[in-house]
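Please look through the sequence and the 3D structure shown here before reading on. The paragraphs after them go from one part to the next.

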Amino acid sequence: MTKSVSAAAFGGTAAPSLSDRLTGAGCALLAIAIWGAWIVSTRHAVHGHLSPATVGWLRFVVPAVVLAPAWWRIGPWPKRGFLPFLLCFLGAGAFFFLVVATAMRFVPAADVGPLLPGTMPLIVAAVSVLVFRERLGMGRAIGFAAIALGVVTLGGRGLLYPQDGAWRGHALLLIGAGMWACYTLAFRRTGLKATETVGLVGLWSTVVLTPYGLPGVVEAVASGYGREVLFQLLIQGLLSGVVALVAFGIAIERLGSSRAAAFTGLVPALAALIAVPALGEHPDTAAIIGVAATGVGVVLASGAFSGRR
């Protein structure tokens with residue numbers, strides 16, 4: 001495979017058409033809106049009556065069942081592109097979820113946005129440039145630099161003055177960001193549709209987590225927490241597990257890896273904005289700078305103003 005073909009497969013340099021950009025941007029924005037709520041929901045769950053394995057089982061059993069018609073056509077694993085699919089499973093499946101959910105036991109939700117969806121697009125951009133020789137162009141390079149500035153200003157205070165033991169959560173979140181970057185870069189190489197990839201990841205994640213997660217679900221329902229289990233099924237399973245991942249997969253297909261990944265840099269800013277009406281937390285000057293820098297950075301890094309080639 002030539003270098004140019006390899007780069008294209010991972011979100012290469014050719015700019016997408018206007019139609020693809022609009023569709024991809026819409027799907028990416030839908031995904032990051034859901035992920036903003038997912039961060040709060042997951043932290044609440046793992047600090048409540050559900051273990052990370054139990055929340056993970058609820059997260060993956062829904063896409064495994066709902067998307068069964070999609071993955072059933074190709075069998076339990078892809079007949080080609082198995083290595084890229086394995087990277088997708090490691091980067092967005094059971095092990096990724098356990099790493100991130102465990103991290104949320106050590107850090108507040110405010111630290112999750114900058115370190116997980118905030119740093120992931122920067123990792124993707126670095127790999128795309130250094131390994132796959134993708135040319136970002138001046139505008140997109142400035143965009144990724146602006147995302148980095150926004151991440152630092154939004155999360156810098158929490159990193160400089162962490163709570164006791166928070167360094168464990170910070171380290172796990174950075175590992176999770178790297179795993180998610182693997183998923184983003186490998187997705188197009190699988191040769192599968194978004195529904196097929198998400199369904200297969202859900203299937204094998206459910207298999208891995210069932211011995212540890214299903215007993216926790218049964219225990220929670222028996223203890224009177226059935227409403228919380230249903231809520232997590234909706235947020236974790238249907239919205240985050242199916243809608244967001246399929247939407248993000250379509251965004252990767254239409255925009256390319258690095259352009260789609262750039263949108264996840266909006267999650268920290270989104271969390272800061274949601275905190276105003278939900279928690280009564282009004283942003284200070286540093287937070288306003290971070291939100292503005294991240295928003296401008298995503299617009300530039302996603303290639304919204306790049307010409308069609």
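The model is a predicted one.

We begin with a pair of helices. Two packed helices are described by the angle between their axes and by the distance between those axes. Here, helix 6 covers residues 94-103 and helix 11 covers residues 194-222. The two pack at an angle of about 55°, and their axes are 9 Å apart.

Is valine 99 buried or exposed? With a relative accessible area of 18%, valine 99 is buried, because the cut-off for buried is under 20%. Not counting residues up to four places away in sequence, valine 99 touches Leu172, Ile175, Gly176 and Met179. One of these, glycine 176, is 77 residues from valine 99 along the chain, yet the C-alpha atoms of the two are separated by 6.3 Å.

Helix 11, in turn, contains threonine 197. Its relative accessibility is 0%, so threonine 197 counts as buried. Apart from its neighbours within four places in sequence, threonine 197 is in contact with Phe85, Cys88, Tyr183, Phe187, Thr190 and Leu192.

The next topic is charged side chains. How many salt bridges does a search of the whole structure find? The search finds two.

One of the salt bridges joins glutamate 196 and arginine 73, whose closest N and O atoms are 3.9 Å apart. Glutamate 196 lies in helix 11, while arginine 73 is in the loop between helix 4 (68-72) and helix 5 (82-92), so the pair ties together parts that are 123 residues apart in sequence. Glutamate 196 counts as buried, at 8% relative accessibility. Arginine 73, by contrast, has a relative accessible area of 55% and is exposed.

In the other salt bridge, the side chains of arginine 254 and aspartate 20 meet, with an N to O distance of 3.4 Å. This pair links distant parts of the chain: arginine 254 is in helix 12 (residues 226-255) and aspartate 20 is in helix 2 (residues 18-46), 234 residues apart. Arginine 254 is partly exposed, with a relative accessible area of 32%. Aspartate 20 counts as partly exposed too, at 25% relative accessibility.

The cysteines come last. A disulfide is a covalent bond between the sulfur atoms of two cysteines. How many disulfides does a search of the whole structure find? It finds zero.

A disulfide needs the two sulfur atoms within 2.5 Å. Cysteine 182 is partly exposed, with a relative accessible area of 35%. Cysteine 88 is also among the residues in contact with threonine 197. Cysteine 27 counts as buried, at 16% relative accessibility.

How values were computed. Residues numbered from 1 in each chain as written. Predicted model: local features only at pLDDT ≥ 70, side-chain atom pairs only at ≥ 80, totals over all residues. Heavy atoms only, no water. Axes fitted to C-alpha atoms, helices over the stretch in contact; angles between N-to-C directions. Helix = DSSP H or I, 4+ residues; strand = E, 2+ residues; numbered from the N terminus. Buried < 20%, exposed > 50% of the residue type's maximum accessible area, 1.4 Å probe, protein only. Contact = heavy atoms within 4.5 Å. Salt bridge = Lys/Arg side-chain N within 4 Å of Asp/Glu carboxyl O.
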